[in-house]
Amino acid sequence: MFSSLQNPRQAAAQLMNFGLILSTAFMMWKGLSVITDSPSPIVVVLSGSMEPAFQRGDLLVLWNRNLYSETNVGEIVVYNVKDKDIPIVHRVVRKFGIGPDAKLLTKGDNNLSDDTELYARGQDYLVRKDIIGSVVGFIPFVGYVTIMLSEHPWLKTAMLGIMGLVVVLQRE
Amino acid sequence: MAEQILDQIRDVAEGQIDFEGQKLAELIANVALSVVGAIAFLVGYLLQDIKLAVLIGLGGTALTFLVAIPAWPFYNRNPVKWLPVGGGPQPLPNLVVNEKSVQR
Amino acid sequence: MYSSIVRAQNSFGFFTTVVFVVASLIAVSDLLTPRAPAVGTLKTTNVQVVRGRPHYYSSKKEEYAVIKFSLDADLSSLFTWNTKQVFVYVTAEWPATPAVTGTPSNTTLNQAVIWDTIITAPSADHLANIGPAALKKLQKSAAGKSIDPSRGKLSIKNQRPKYQITHPSGKIAETDNVVLKLHYNVQPWVGLLTWNQDVDIGLWKQLKGGLSKKFSLPAIKKKADAKV
């Protein structure tokens, strides 16, 4: 495991390799961001308000360009509310007007009432620029790891423990 | 003493297999996983049953892991034959390297 | 591949590749299944406009419309093994009033969902957010079936709307050229989400029908009749 530290050239190569993996991932993320025109092209579902369509931990692929038509009623959008950090995934249920100033109202399929109460104080509707993308693709369950790790911190400890065990049990 | 016990645990955990076994394990893992995937898709599509497809996929994968990962005896049937330490025959004179070349 | 850990890592790595490929195939297999959704009837049965508080959080009184409707539709071809649920919704659409928005009235667009329903596939029944008794009944209705296209056949008579429609201006009475429109959204287990189309795409036909006759919203009803 640590034998590479005795050989600086090999250690440097490993470091480069690690850096390459990180930068490749970062480039793909940012590239996807440019293609979809969304600051966050892939999101993990964190709440059950769109059940049974989306469970917690599902991955959603977003698209934020209006090539053929405007963002319309029935689309599932991810939006940010002023002064709140957590993006919300809900369905557009009302739209008044057209263009960038059209007033949009959203609602979770699993919620009884619409999102008026989730919006900022004095805000009754969303506009197009509050939306960071419409859901176009769906991959189930894959994001659940991140939810597990953030909700059960002991899992991180357990993972470190397993990694340590692997190191101890491995011969050099 | 503790070192010996740790060594034994390491042996079990490490599960070393010989070169032929490594080739075989890799072949089994890749072929079996591909076949399981294909069967899961075809059965699921023909019966229009996605739950069945997931079950076949996960079950087949678990079986494959069970076969391919532990160091089963049949992965160790071609152990490497090391030359005996020091006790082997002396190198033949015509193989001595710092002479001019290998002669007949 | 010399040790168990390396074999586990490599096998798991190849497993993820297989999962990715199979999931892609499942998503693509959707395209091989023809879709021919059709709406038989979609018509209003009773339209009222009331002045009151349409929501419990409404701070001011405003006009809202209650549109009852009947619907006959066959969406059974949307249910394949990769269908998790079909979200069916009926919208009311009417042109923007020039006085309110300044846009010409033929560029439509006010849209509001008046009713929706979630039709789960049998493979997703356990996720449905309904009471335990209803869930049991739902699961029993598809016992032994992996898909149940008959759930896509809708026949609804004189349905009360789930949502009263309003307009940000607070005025909605005597609006002309309102139509009801049926839409659907197919939610897959993996792959792309799809909506009703206006054109044929491959084996997927456009939604036949799905538009009601144009109608006008009446004047405000007397308060005595209003149900708030």
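**Strand pairing and contacts of chains A and C**

Two bridges join β6(A) to strand β7 (residues 191–192) of chain C, and the two strands run antiparallel. This is a predicted model, in which local features need pLDDT of at least 70 and side-chain atom pairs count only at pLDDT 80 or more, while totals for chains, interfaces and linings use all residues. Residues are numbered from 1 along each chain as its sequence is written, and chains are lettered from A and ligands numbered from 1 in the order in which they are written.

Student: Which residue in β7(C) is the bridge partner of A:G137?

Tutor: Strands are DSSP runs of E, at least two residues, and helices are runs of H or I, at least four, numbered from the N terminus. Two strands pair if DSSP finds at least two bridges between them. In β7(C), the partner of A:G137 is C:L192.

Student: Which element gives the most to the side of chain A that touches chain C?

Tutor: Contact requires C-beta atoms, placed from the backbone, within 7 Å; 27 residues of chain A meet 34 residues of chain C in this way. The elements giving two or more residues to this side of chain A are β4 (88–96) and β6 (131–139). The most, five residues, comes from β6(A).

Student: Which residue in β5(C) stands opposite C:D74?

Tutor: In chain C, three strands form an open antiparallel sheet in the order β1-β2-β5. Its edge strands, each pairing on one side only, are β1 (38–52) and β5 (153–159). Strand β2 (residues 62–74) pairs with β5(C) over five bridges. Opposite C:D74 stands C:K153.

Technical notes
Contact = placed C-beta atoms within 7 Å.
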